[in-house]
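Hi,

Here is the structure I promised to pass on. Have a look at it first, and then read on for what turned up.

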Amino acid sequence: MPVWVVDILRMEIVKMGESRESSGRAAEQISELQERIRTLEQEKESLKKSLALANSERVKMKETSKKETLEALRRSEERYRQIVESARDGIFRTDDKGRFVYVNEVTTRITGYEREDLIGRDYRKFVRADCREAVHAVLTKQYEEKTPYQYCEYAIARKDGRELWLGQSTQLVMRGEEIVGFQAVAHDLTDRKKAEDALKKAEEKYRLLVDNARDAILIIQNGMIKFTNPRLVEILGYAEDELYEHAITKFIHEEDRELVMELHFKRLNGNDMPGGATFRGYTKTGAVIWLDVTAVSVEWEGRTAGL
């Protein structure tokens, strides 16, 4: 109870005690006021105890809540670390200068370096020399434009000297509006790159053989030439682009067209047509030439065609 309330009540008692009428009624009022003071003081003490208890409980609740929050955070971080460490891909973080601040176990296996060999070092030192400029340009653009995610492929030089190709997805690490680093997930593309290189070499060999063949090689689909080698250009005298503009029948003598096209469609329909066919054709100048053709059914861009 506030002190001023008690003081006012006491003043009332004094005034009433000094009254000329000092009657029994005044005595009763004084007694009542004194009782009220005792009651208010008791309530005051009770309120103090309640406030003290409430404050104590609040402190305990805050401490409990803080402990629970910290424990939940610890468990969350532990789960995150377990996921990252058991991931099949390399996961790492760098600061805004590109220096490693964290790498998972897979990253050490991919690079061949231990964690202590990577932490604090610039990521570019591990990128193959001829890829560094391109990778740096991609990440610099991401940084400057604040692009949340970016993907790139590049080769690295392992500690043992072997080279690996990585496909990397990079995410900006933000603190408010400030970029404080990069977080990346990288997976091994080496096998895919090797397959692509092998296919490219095979295609180059195939192209070399086709382009230098002594015979004309062409693919016919829907009655149109879809592909040809330089030898057909030499034989007919047309530019390559011109050959693609006309139906194949334009280059076949009109007296032989029906037979040639009948054989062509039978072959496309799966009929076994032994041997080849000999027929007359036209050059660009209109000259008639004899052509000896052997054909098979093939698939071209997902559809049946004649080769």
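Asp-160 is partly exposed, with a relative accessible area of 47%. Its side chain meets that of Arg-162 in a salt bridge, at 3.3 Å from N to O, and Arg-162 is likewise partly exposed at 47% relative accessibility. Please keep in mind that this is a predicted model.

There are 15 salt bridges in the structure. Arg-115 pairs with Glu-105, with 3.6 Å between the closest N and O atoms. That pair links distant parts of the chain, since Arg-115 sits in helix 4 (residues 115–118) and Glu-105 in helix 3, 10 residues apart. Another salt bridge joins Glu-234 and Arg-231 at 3.0 Å, N to O. These two are three residues apart in helix 7 (residues 230–236), so about one helical turn separates them. Glu-234 is exposed, at 55% relative accessible area, whereas Arg-231 is partly exposed at 29%. You will also find a network of salt bridges linking Glu-153, Arg-192, Lys-193 and Glu-196.

Now to the inside. The largest nonpolar core has 21 residues, and Phe-100 and Tyr-154 have the most contacts within it. Strand 3 gives the most to this core, with four residues. A second, separate core has 14 residues, among them Ile-225 and Phe-251.

Finally, strand 8 (residues 277–282) and strand 9 (residues 288–293) run antiparallel, joined by six bridges. They form a hairpin with five residues between them, and Gly-286 in the turn has a positive phi of about 95°. Tyr-282 stands opposite Val-288.

Best wishes

Methods
Residues are numbered from 1 along each chain as its sequence is written. This is a predicted model: local features need pLDDT of at least 70, side-chain atom pairs count only at pLDDT 80 or more; totals for chains, interfaces and linings use all residues. Side-chain values use heavy atoms; hydrogens and water are left out. A nonpolar core is a set of buried Ala, Val, Leu, Ile, Met, Phe, Trp, Tyr and Cys residues joined through side-chain atoms within 4.5 Å. Buried means under 20% relative accessible area, exposed over 50%, partly exposed in between (1.4 Å probe, protein chains only). Two strands pair if DSSP finds at least two bridges between them. A salt bridge is a side-chain nitrogen of Lys or Arg within 4 Å of a carboxyl oxygen of Asp or Glu.
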